[in-house]
Structures are given as structure tokens and as C-alpha cells.
Amino acid sequence: MRAVWRTARAAVRRRLLQTTVIALVTLTSTAALVVALGLVDAASAPFDKAFAQQRGPHVVASFDRAAASDAALARAARQPGVEAVAGPYPEASVALPQDAMTFGLGRQITVVGRADPDADVDRLDVWAGRWATRPGEVVLNRDRDWAPDDLGKTLTIPSGPRLTVVGFAYGLSGTADAWVTPGQADALAPRASQLLLRLTDGTSSEDRLRAGLATVTEELPADALTAARTYLGLKERVSGSARAYTPYLMAFGVLGISVSVLIIGNVVSGAVISGFRHIGVLKSIGFTPGQVVAVYLTMISVPSVLGCALGAAAGNLLARPFFDFVFSGPDAGILHGSVSIAPWVNAVALLGMPAVCVLAALAPALRAHRMSAARAISAGSAPRAGRALAVQRRLAGSPLPRPVSLGMGLPFARPGRSALTLAAVVLGAATVTFATGLATTMDRFGNAGRGAYDLTVYVGAHEDGREIRPEHGDRALHELLAGLPGAREVTARADVEVGMAGSAQEVMLEGRRGDRPRLDDMLTDGRWHRAPGEIVAGSAFLRQNGLRVGDTVRLERGGRSERVRVVGEVMQTNSRMIVGDWRTLRALAPDEDPIAYHVLLRPGADADAYARAARAADRGLSPALTGPNSVTQTVVGSAAALTTLLALVAALGVFHTVVLNTRDRRRDLGMLKSIGMTPAQVTVMKVTSMAVLGALGSLLGVPLGVAGHRMVVPRMADAVDITLPSYMTDVWQAPALAGLALAGIVIAVLGALVPARRAGRLTAAEVLRNE
Amino acid sequence: MSAPPVRRSVLGMTAQDSGAVVQLDGVRKEYGETTALDGVSLRIGAGEAVAVMGPSGCGKSTLLNMIAGLDRPTAGSVVVQGENVGELSEKQLALYRRRRIGMIFQFFNLIDDLSALDNVALAAQLTGTPARQARRRALELFEELGIADRRNAYPALLSGGERQRVAVARALMNRPALLLADEPTGALDSRSGEQVMDLLIDLNQIGQTLILVTHDEHLARRCAGRIVEFADGRVTGEHTLEPSA
Ligand SMILES: Nc1ncnc2c1ncn2[C@@H]1O[C@H](COP(=O)(O)OP(=O)(O)OP(=O)(O)O)[C@@H](O)[C@H]1O
Ligand SMILES: [Mg+2]
């Protein structure tokens, strides 16, 4: 054993570069694997995880306190299908005065009396202050992204007591807007009792959940249940935007995993194969075959286990900003505190990657195990297959400069290893292609309609918790804004809720008036509205209401009604939103004024200066600059980071192949130098050999990446129920593809450059010695 | 049976060019602690055949490497045909080796996946000679060296003696001023060794300057006009021999 260890150590020392590369490759690919697996895992069920963590209620039910006593409710909840219960809690609906808006609360809030944030169901996260323990104290439901700056302020309830805000708690399920002690709740005249239920069969459909609730209400008076909701609606709403990323993250994850595993396999088995001659020598001096295998496994395991451990740590660090990035925004954002790298991901990385390394080392090591010492020693110089030789002969006779043709022949001398390297480059090129395509799509998606204006001036401002209305009327404001220096176009916008015949849901009708009522780059089908009585809508709206471009619908509001025709389909995620002419809007709501004015500035005009001027002109205006689109930034940013990581892994794999090739061919190299090959020619030869693989890799990888993009993008759009205009999906043009074809070559050449130059600089005497 | 005598026309510089081809002055070479060459001075004239002999590890290969421009001396000067090898850049060294040096190694150092002919043609192709022309020149050498029928074979299928003759052809490809051979018969059986030696003698007789490192005193006496004895990185003796009959 001692001999094995000592030999392995000596071998590692003699192959420092190779050992470093193995450690680096395992490091980067384990990091990529952790991020990829972590993202796949988090993206697959972000809501379910957060929900399970908080032990969220599958059913939230409210009962009439007059019809069912607390004791009766507690008894009724004891059913075989019910896994856990919280409550009954007294629940009051409280109307708030206008100035309570500063707490981010609505006008009508639900206050629940609860003694404890930790219950069997709906565990609340008290993230600031403390829980309410005395009458007169209140805890508000607010998520961690908010500032806790209202702590200690008072909330005056018109019909009752003054409550001091003592804490902020967050519950994903939104079972209340505020919590007080049960005693305090009783003083608020609660009309209902809240029961929170977790069912044993919690993952099932709405019907099953309702059936579970029915077993509870069976023994209660028929009219006791006043309201009930299941968690499925919440899940639908929250998961929506994270769901849009799922196919994209999955694609990246799968790509990341395959690149990592392939490269590791490539690097490790290559390292063993290139040691065959060394193995032969070990055998000839009396190492048993078992000892030889042990030497090689030790040599490989030490750097790779080290690399895996560091890589897993790096992956965990890297994943954090990624998650914050991906899970952001109004709905999915509430998840970002709860998503994290699952323990199984780390387990897989820490056990799986070394296992891959050892397996990759074991296969060739076992081959060496069986091989006779003499064959192992000559493994480097065995005659090769006929086809490879024919290629060399062709190349030797070609008019290409000899270093180039020699380099082109090199991959054929080691077909097995070249195939593995090729696979690495193919995956690298596919990744780069896929990611840049996706980034282009997302960029165009995020910027659609953004060129239309530089800032939005909202009507109404807030100062010290009081709302300030503009001094000017609508028309005057429009003219005022158009007259400020720098303004080029001003477009007013109003939204109004209207009913639609045949639909239970209210529809949001948006009307625009002014210089730019249409956003042409959002159009996916038909045309933009031109006259009163015409509207455009998103595909989600059309699908949900069974409509098509050309259909007519009736809009209603306050006794008025208008027939409108759908003339176009636009890219719009909001399934309740339709856009029509200003006159259509006013016909339904004659008193409705704009809520905002969109302003496009003259080229070169200062948006900040314009915003200041607008505010100075009327204190009741709130100008907001059109900022960068954070969702697009997320995807573009993460695509860039993942692409870089995977391209790095692929380049390292190529790098390693060149290091090994150089090593295998040291003697040839020494001879070539002895007959006058210059250092530059050596570099050209080595780089050419990899550029061949790079070119071939691009040829295969780029179409693969394009195919991946074609597959993933429509699924992403489907997930959020929008249709993308073709200029967003058809991102591939000949020059872009040619550029991408270069990507593979660049990956290969970058990987080859360092070892190639190193090989070029070796002195020939050194190379020829001891061979 | 020995190979047919070689025609003069295959060579470049010959004995007719007079004066010293190689001039070493106080050459030292250190590898860390080890002193491989410890102040070697040597002069080799055009058309000479010099055998360098000595125990293993005494610095013979190092000496050859210095002359071949495969390595630079730590101190002293190596001048070959007026060029100070120690002062050349890596690139200039490569060009120097191309123009002036032909090398033969104990283990042939042929490229496995090139045919015998392409191995030899390679030496000319590196200088930019077109493939067709390089192969023609290589074929001429193959014929001169009596291995023309083996030109399309791959190294793995050649006998040791044939491989070494291919290596000699490669060394002669660029008409070098100096032919350097480091134990050229060390890996061959005695009959193949004799054949390679005969070839070197023939080459020298038509004017090729030759430096030969060998352990085999018999071969050295047959082939060289002068024997330089080496020990511990120093020249310990020198004697000129009568040309053998
Ligand atoms: N690149 C090198 N690095 C370190 N030491 C070297 C190097 N080249 C040669 N040496 C050392 O220099 C000394 C001379 O070596 P050299 O190869 O010239 O001997 P040699 O006379 O050719 O021996 P042999 O007859 O066994 O071939 C030896 O001690 C050797 O270990
Ligand atoms: Mg030697």
C-alpha cells in the first residue's frame, strides 16, 4: 500500500499541470452541476416547496359564529381525511379609513385573532418585531421584501380600538391581513370563525379538496360554512411567472449536467489512457495489476474529490444570486426567500461527481489491468487503423503548410479521445448558441413597446401619507406635458373595468389618446385598432373567452354598452386586459380621466430634467423613468452566466485534451523540433488540430442549439399564455449563425492555445530526453 | 551485403569546403546541481568523422544537443559554420537546425502514423517545400539508401535497421552540413547495426561531416577518423586513427 501511495504521489508531482486541470475541470463542472440541478429542482415546484415549508392550509374555511361554536368546529375537524387543523380563530372584517393606505393595506381587511404564529397549519414567519401578546397590538402580513419601517405606528380602527403595529409576519397563504390576540379580535365584533385545514390527500384536485371539506361540514348546520377557498388558486397565481422559466432552466440544467459529466469522463479516462506506458513500466518492475489500478485511482481521485468539494461549495454560493434573480417580481418574488439548493442536490454532486470520476478512471484502468506489460509499454506506438493512415497520407500530399496538415491529422491519431473532445465542443457550441438565441428573444420580448416612451407621468402623488391630486385638468395636463422642454410625443392612458356579455369576469379596458395610441411591435396577429368599436387583446384573453380575431363582443358599464370587434392579437400576459380606442373607453365611462401620460423625449433630451420639470409644473404628478426590464435582465443575466460557466467547462476539457496529446506526442514533438520545426509552427500545428474539432463541433453543435431554442421558446411562451411576434422567435440570421459557428472554433482554440504555446516553448533536448 | 555506395549528389556541404565546421570553446552545461559538460573545447573540420565515446552519463548526448542547437550552453561558445548557436533565438535555432543539422537517434523517432516516405518528406515540407517536390527528393534518398521498396510502409511494420535507414534519409533531407548520430546502432542487432554503420561510412567517404556517439569501440574504429574520449563532462583523450582498409 505504501508503494502505491508513494508512486501515485510521485506521478501526481510529475503531472502537475494535468492534475491541476483535473481539479479545475471537476471544480467548474461540479459547480455547474450544482447550479443546474438546483435550478431544475427549484423551478420544478417552487410553490409546493414554500407551501410545504410553511405547512400551508389546503383549505381555508370561514364559518358563521352564530351557527357553529368553536367546540363544534373543533370536533367537526377531527376527520380521518384531515391531517392537521389550525383554529378556529375569530375572524373580523374591518373597514379602514383612507390614511391606512400607507400601511399597504386595502380599505377592507381581514383581522384574525391568533395566540401563536406557530401552529400545525399556516406557520407564519415573524420576520420583524414580535407577535401580538396583548390587546392593543397588531401584527401585519407583509413579505420580507418590504421595509419594516412602520413598526410602532398606530392603526386606528374607526369603529373600535387603536392598535400598535408590533411586528410583521409573512404567510404565503394570506389567511389574514393582520393578526391580533384572540381577546382583541373578540372586541372587533368577529362574525366568522376561521378554520385552516391540511388534508392527507393534499396534492389532489379542486373537487377532492372540496370533498375533504365536505366531510368536515357534514355534521355542522347546513348554513354554517360562509366561505371557503382551496390553495390551488393561489398556487396558480404564484407559480405562473416562475413557470415561464421552467422549460428554459430545465434545458440549461440538462445541458449543464451532460456537459459536466461528459467532460469529466473525457478528462479522467484520457488521463489514464495516456498513462499506459507508465503502467507498463510499473508492471515490469513488479507492481501487481491490482496495485497499478490502485495507483491510477489514487492519482485521479485526489484532485477530483478535492475539485468536487470545492465545486459544490462554489455552486452553492453561485446559486444564491441566481435564485434571487430568477424568483423576483410581484408573484414569484414572494418565493425567493424560501427557494434554496435542496440537500439532495449537494448529495448528488458530492457523491455523484467523484463516482463519475472513478468510473471514468476505472474503465481504462481495468483495461490496463488486463494488458501485458509489453503491450502497455508499446500502447503509444501501436500501428493504427487503415482509414486514419489514409487521411494522413492525403494530408501529407496536400498543398497546405505542413504544420497545418500535421495538425489536421492529429485528431485521427487518437480517434477515441477526439470523439470525446468533439462531444465537449458540440455541447459547448450548442450551449452558446442556445443561450445567445434565448437572450435575443428575451431581450426583444422585454423591450417590446419600451421604445415608445421614455417616462410615464402618473396622475396623483403622495406626500406624508396624503394623496395630492393635480391642480390641472386632463386636457390642461396633456398640453402642459407636451409643452415642457424635450417632449416629443405625449400619450394619455386610462384603464376602466367593464363587464363583458357572457363572461362572469370583469375586463380591464385600456384606452390611449394622443401621439402614439398603438404599439406596433407588440402585435402578433391581425392589426392594431384604428377606429372606435375596435379592440385588440392578448392570446390568453382570446383563448379564455373562446374568441378569435374578427369576433364581436359587447362591453357593458353602468347601464351603457358598446359592441366592439377584435381586430388584432397582441403580446399581453394579462388575460383580463383589452386595448381599445380612447373614444370607445369614453363611450363606456364618460367621466374617466387618464391615470398616466406616457412621454417620449426628443433624442438627447435629459429624462431626469424632464421629470423634475413635470413635478415642478404640478405637484400632483409622479413622473417615473422607464427603467430596465428586470425580468429580461434576469434571463439574459443567468443565460450569460450559465453560458460562460459551461463554455469554460468545455474549454477546459479541450485544454486537457491538448495537454494529453502534447504529452503523448512529446517524442514526436522533440523529433519535429530537431528537424527544424519552429515554436510558431508547433503552436500552429497544435491549434489546428483543435480547430478541426472545433469546426466540426460547431457544425454539429450550432444546429443543435438552434433546435433547442426552437423547442424551448414556444413552451416558455405557452407557459405564460402569450403568443410572441415572429421577430422575437426568429432570431437566427445567417451572420449570427456564422458568428456562432465561430463559437465552437473559439472554444477549441482557446482551450488549445495555452498548452500549445507551452509545447512550442519546450526545449527539444528536454523533450527527447528519457523517452 | 552492404548497401550500394551513395552518390555525392545527395549531399550538401562537403569536404571541399575547408576549415572548421564546429568550434567549441570552454562549453559548460549545468542542469541544476548536475554539471553535464565541464569546459569542453573541440574543433571538428569539414568532412571529418568523429566518434565520441565514454561511460554512461558522462555528457555525450548533452554535447550533441549543444551542437545541434537543441539546447543552449550555460557558458562557453558553440560556433557552427560561423554561427554562434548560443546566441540564437528559439526561432533562429529552429531555422539553424533545418539548414545545417541532420540528427539520428537511438530509437529512430519516426512518426507512427506517417508512411516512411512522408516521414522523410516532412523535413523538407517544414521549410515550405511543396509536397510533390519533397516526396521526389525523399524518393531519391530512399533509392540511394536501398529502401525504395519500403517507402509506403509504416514505421511499425519496418525492421529496426530499415527504420534507422529511414531516419538517416530524413536527416539528409535538407542537405545538412553536419550529421549527428546518438547511438544509432544502440537499438539494433549486430547485422542491422553493421548496415547502418556502412551507410554512415559511405556518406562520410563522399564528404559528409559526421559526429557519432557510441559505446561500441569496434564500430567507432571502423567508422571514425578520430575518437574523442569523454568522462565526467570533460574530454579526457583524443586519438586520430588510420582509415581502415
Ligand atoms: N535535461 C536535463 N535535466 C537534468 N539533467 C540532465 C538533463 N540532460 C542531461 N542531464 C544530466 O547530465 C548528465 C549527462 O547526461 P547525458 O545524457 O549527456 O549522458 P550520456 O553520456 O549521453 O549518457 P548515456 O551514454 O547513458 O546516453 C547526466 O548526469 C544527466 O542526468
Ligand atoms: Mg546519451
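Does A:R761 count as buried or exposed, and what is its relative accessibility?

Analyst: Keep in mind that this is a predicted model. A:R761 counts as exposed, because its relative accessibility is 55% and the cut-off for exposed is over 50%. The residue is found in helix α23 of chain A, which covers residues 734-761.

For the setting, chain A has 771 residues, and buried ones make up 53% of them. The chain contains 24 helices and 22 strands. If you take the contacts in chain A with a separation of 6 or more, 81% of them join residues 24 or more positions apart. The accessible surface of the chain comes to about 32600 Å², and carbon and sulfur atoms hold 57% of that.

While you have the model open, chain B has a helix pair to look at. There, α3 (residues 116-125) packs on α4 (residues 131-144) at about 120 degrees, with the axes 8 Å apart. That angle makes α3(B) oblique to α4(B), and the crossing is right-handed. On the α3(B) side the contact residues include B:L117, B:V120 and B:A124, while α4(B) brings in B:A134, B:L139 and B:F142, among others. Sorted by type, the residues of this contact come out as 10 nonpolar, 1 polar and 2 charged.

Definitions and conventions
Residues are numbered from 1 along each chain as its sequence is written. Chains are lettered from A and ligands numbered from 1 in the order in which they are written. This is a predicted model: local features need pLDDT of at least 70, side-chain atom pairs count only at pLDDT 80 or more; totals for chains, interfaces and linings use all residues. Side-chain values use heavy atoms; hydrogens and water are left out. Helices (H or I, at least four residues) and strands (E, at least two) are DSSP runs, numbered from the N terminus. Buried means under 20% relative accessible area, exposed over 50%, partly exposed in between (1.4 Å probe, protein chains only). Contact means heavy atoms within 4.5 Å. Accessible areas come from the Shrake-Rupley method with a 1.4 Å probe; for residues, only the protein chains shown count as cover. Axes are lines fitted to C-alpha atoms, for helices over the stretch in contact, and angles run from 0 to 180 degrees between N-to-C directions. Angles under 35 degrees count as roughly parallel, over 145 as roughly antiparallel, 65 to 115 as roughly perpendicular and the rest as oblique. A crossing is left-handed if the near helix is turned anticlockwise from the far one by less than a right angle, and right-handed if clockwise. Ala, Val, Leu, Ile, Met, Phe, Trp, Tyr, Cys and Pro count as nonpolar, Asp, Glu, Lys and Arg as charged, and the others, Gly among them, as polar.
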